[in-house]
Amino acid sequence: MLNRDTSFLCLYADCVPVRGHKRSTVCDLQTNKFYFIPNILFEMLTEHSNKTIQEVVAFYGEENRSSIEEYTSFLLDNNLAFLTLEPEKFSRLDLKWDTPSQVTNAIVDIDAGSAHPYTRIISELDDMNCKCLEIRTFTKGNYQKILQLLACTQESRLRAISILLPFSEEEFTEKDLEVLCEENKRIRQVLVHGSPQEYMDTSITIKATIVYSSEKIDSSAHCGIIHPSHFKSNIYLFSESHHHNSCLNRKISIDVNGDIKNCPSMSASFGNIAVNTLGSVVEQDAFRVNWNITKDQVDVCRSCEFRYICTDCRAFTENGNPYGKPAKCSYDPFTATWADEEDNPKGQQFRKIGKDKIKYFV
């Protein structure tokens, strides 16, 4: 067994520390979990990774040994790190990101006045190797249009489809949605908004999740809400967030009027599906600008410990600034608090190391 004092504490490659203003996180990209750590532990794991634990204790002072041992045990107990005598043999995770798809995900919004060419839309998404499609309608009376669009996806290369539609006893029943999911295996989720009751269909005959929500979603303006329940600590989002926008990168959208946008909630249109192809729009430099706005460039977000696991929003920003904090985010990384305390995810608490020069939030 290795002697702890003379060993090096080494994070597993897929456990990556992220520094925030008030506290830091360790993102476990394999288990899709994240852990709060104090900034001093981030410092120990990055600036002093070339030191044994004994050397780390010597640097911070013997009076802080118990805290350092607590940090070490926390990392080891949660399988975030291991002890080794040869840290140079373990390389860091390569966070490069790329995909063969011109577009990875798309949104198509539908209302009573929409007259989208569904067959051409799906064909053009296939040409760009798009894998995920979200179909949304905010008003009743459009269920048949959703069925028409779904029919066009049967021979497509899409891997996942999600549907958002309003509750309507006149148009469909719970059984109708189950059959819909059975016949369309690509459907991963159906969200029924404005339901008189909130519940989840847990039928074992389907693989999709059907959620009934009492919340009324009446327009595309509902999107952009930042909430910890949306955080994803996986390698795909984490690496993408280092280089691109975590919401808009490789995304294309068609709003209810057929306008082609980065997101239906954004005002800028780059063409209309009635006269323009999706491929021609994607080739426009102006369309791609928002793809490359990272959290490290965004006001406030650049100081946030959640910045690489959070889905960004550029449709609604503070003061309309393209690099402004998402307007619908209530988190303050400078105080490490959410405006609604119920949103506050729980983290491991640590004692404070005694040296005056070391200050951090737990």
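Predicted model: local features only at pLDDT ≥ 70, side-chain atom pairs only at ≥ 80, totals over all residues.

Me: How is empty space found in the first place?

Reply: Rolling a probe the size of a water molecule over the atoms shows where empty space is left. Here, the second largest pocket holds about 570 Å³ of space.

Me: How many residues line the second largest pocket, and which lie nearest its centre?

Reply: The lining has 24 residues, and Leu 11, Cys 15, Pro 17, Leu 45 and Arg 92 lie nearest the centre of the pocket.

Me: How do the lining residues of the second largest pocket divide into nonpolar, polar and charged?

Reply: There are 19 nonpolar residues, 4 polar and 1 charged in that lining.

Me: Next, salt bridges. What is the count?

Reply: A salt bridge is counted where a side-chain nitrogen of Lys or Arg is within 4 Å of a carboxyl oxygen of Asp or Glu. By this rule the model has 15 salt bridges. In one of them, the side chains of Arg 65 and Asp 5 meet at 3.4 Å, N to O.

Me: Which parts does the pair of Arg 65 and Asp 5 tie together?

Reply: Arg 65 belongs to helix α3 (residues 65-77) and Asp 5 to the segment before β1, so the pair ties together parts that are 60 residues apart in sequence. Asp 5 counts as partly exposed, because its relative accessibility is 23%, and the cut-off for buried is under 20%.

Me: Which residues are linked with Asp 5 in a network of salt bridges?

Reply: The network links Asp 5 with Glu 62, Arg 65 and Glu 69.

Me: Please show me another salt bridge.

Reply: Take Asp 312 and Lys 295, whose side chains meet at 2.9 Å, N to O. Both Asp 312 and Lys 295 lie in the loop between α9 (285-288) and β14 (331-332), so this pair ties together parts that are 17 residues apart in sequence. Asp 312 also meets Arg 314 in a salt bridge, at 2.8 Å, N to O.

Me: Is Asp 312 buried or exposed?

Reply: Asp 312 is buried, with a relative accessible area of 3%. Lys 295 is buried at 5%, and Arg 314 is buried at 6%.

Note on methods:
Residues numbered from 1 in each chain as written. Heavy atoms only, no water. 1 Å grid on protein atoms, 1.4 Å probe; cavity = no way out; pocket = protein on both sides within 12 Å on 5 of 7 lines; lining within 4 Å. Points joined across faces, edges and corners; volume = space filled by probe spheres on them. Nonpolar A, V, L, I, M, F, W, Y, C, P; charged D, E, K, R; others polar. Helix = DSSP H or I, 4+ residues; strand = E, 2+ residues; numbered from the N terminus. Buried < 20%, exposed > 50% of the residue type's maximum accessible area, 1.4 Å probe, protein only.
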